[in-house]
Amino acid sequence: MNTEWCWKSAREIRDAVQTGAVSAAEVAEAHLQRIDEVDGKVDAYTQRWDDTARAMASKVDDKARAGGELGPLAGVPVALKELLCTRVGETTCASKMLAGFRSPYDATVVKRLEAADAVFLGKVNMDEFAMGSSTENSAIKATRNPWNLKYVPGGSSGGSAAAVSAGEGVISLGSDTGGSIRQPACLCGCVGIKPTYGRVSRYGLVAFASSLDQIGPLTRTVEDAALTLNVICGRDAMDATSADLPVPDFTRALTGDVRGLRIGLPREYFTDALSPQMREK
């Protein structure tokens, strides 16, 4: 099996599946093989859904053969953080307290990804109940940074970042309360976004701090993060805090033109580096 597809972007995979250049089944098998090859060292996955992945990929291919309109993430392999409720598998939050728990419903973001024809590979590790920043505090196992197995991948969405960086998934959903997407994305060299509060439904997310929690994507490219946001953002009647706002096409902002943009740096973060005169100001 050619694992070259493990390093393609979500857009490249979607376009190839839509044109028939590759089947969703081939892409899924390539990623399952990649997980076989490297996850024994990285330990990103807590649950592998091989049968589910094959069934979802087959459904996409059947739709393509029938001439149906494919979704914006058709055939794209996705890994889900352990605290997202799913009817498939367990929802443990990487805790022994929830071992064996099976959710009776899917999180809204999970349903939206499925409707977009994504393919679920399984669930990935995290700090227990999202309380940590290294993914060493999982009750299941510790996840390693794929760039250097002696290092941590960050947390609490360390399994999400490690899986994406190791080619064990194209997109992963994480959650961020105080940095749990952004920090592991930084440590693993991938793209992570904490959306504005209310942009993405929290229904089906096991809460850490409901006034701060947000679900967001971890990907290898900015475009893939934008494509994922296109799918998961939007008002949800099941989450009263979700914003009733239209969802723009986030990819339209990816022009490469940064003229006129300004970057602000809080002075207080860099006090030690300032001159005595600047500190006085």
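Is aspartate 62 buried, partly exposed or exposed? Keep that in mind as you tour this predicted model.

**Stop 1: the sheet.** Select the strands. Six of them form an open sheet, in the order E1-E3-E2-E4-E6-E5. The pairing is mixed. Now pick strand E1 (45–48) and strand E5 (191–192). These stand at the edges, each with a single partner strand, so one side of each has no neighbour in the sheet.

**Stop 2: inside the sheet.** Select strand E2 (residues 77–81) and strand E4 (residues 171–176). They pair in the parallel sense, over three bridges. Find leucine 80 and look across to E4: leucine 173 stands opposite.

**Stop 3: a helix across the strands.** Show helix H2 (residues 24–42). H2 lies across E1, E2 and strand E3 (119–124). Its direction is at about 135 degrees to E1.

**Stop 4: helix H3.** Select aspartate 62 and arginine 65 in helix H3 (residues 50–65). They sit three residues apart, about one turn of the helix. A salt bridge joins them, with the closest N and O atoms 2.5 Å apart. Here is the reply to the opening: aspartate 62 is partly exposed, at 41% relative accessibility. Arginine 65 is exposed, at 64%.

Stop 5: Go to aspartate 176, which is buried at 0% relative accessibility. Its salt-bridge partner is arginine 182, with the closest N and O atoms 2.9 Å apart. Arginine 182 is partly exposed, at 42%.

**Stop 6: a network.** Finally, select Arg11, Arg14, Asp15 and Glu223. Salt bridges with shared partners join them into one network. Within it, aspartate 15 and arginine 14 meet at 3.0 Å, N to O.

Notes:
Residues numbered from 1 in each chain as written. Predicted model: local features only at pLDDT ≥ 70, side-chain atom pairs only at ≥ 80, totals over all residues. Heavy atoms only, no water. Pairing = 2+ DSSP bridges. Helix = DSSP H or I, 4+ residues; strand = E, 2+ residues; numbered from the N terminus. Contact = heavy atoms within 4.5 Å. Axes fitted to C-alpha atoms, helices over the stretch in contact; angles between N-to-C directions. Salt bridge = Lys/Arg side-chain N within 4 Å of Asp/Glu carboxyl O. Buried < 20%, exposed > 50% of the residue type's maximum accessible area, 1.4 Å probe, protein only.
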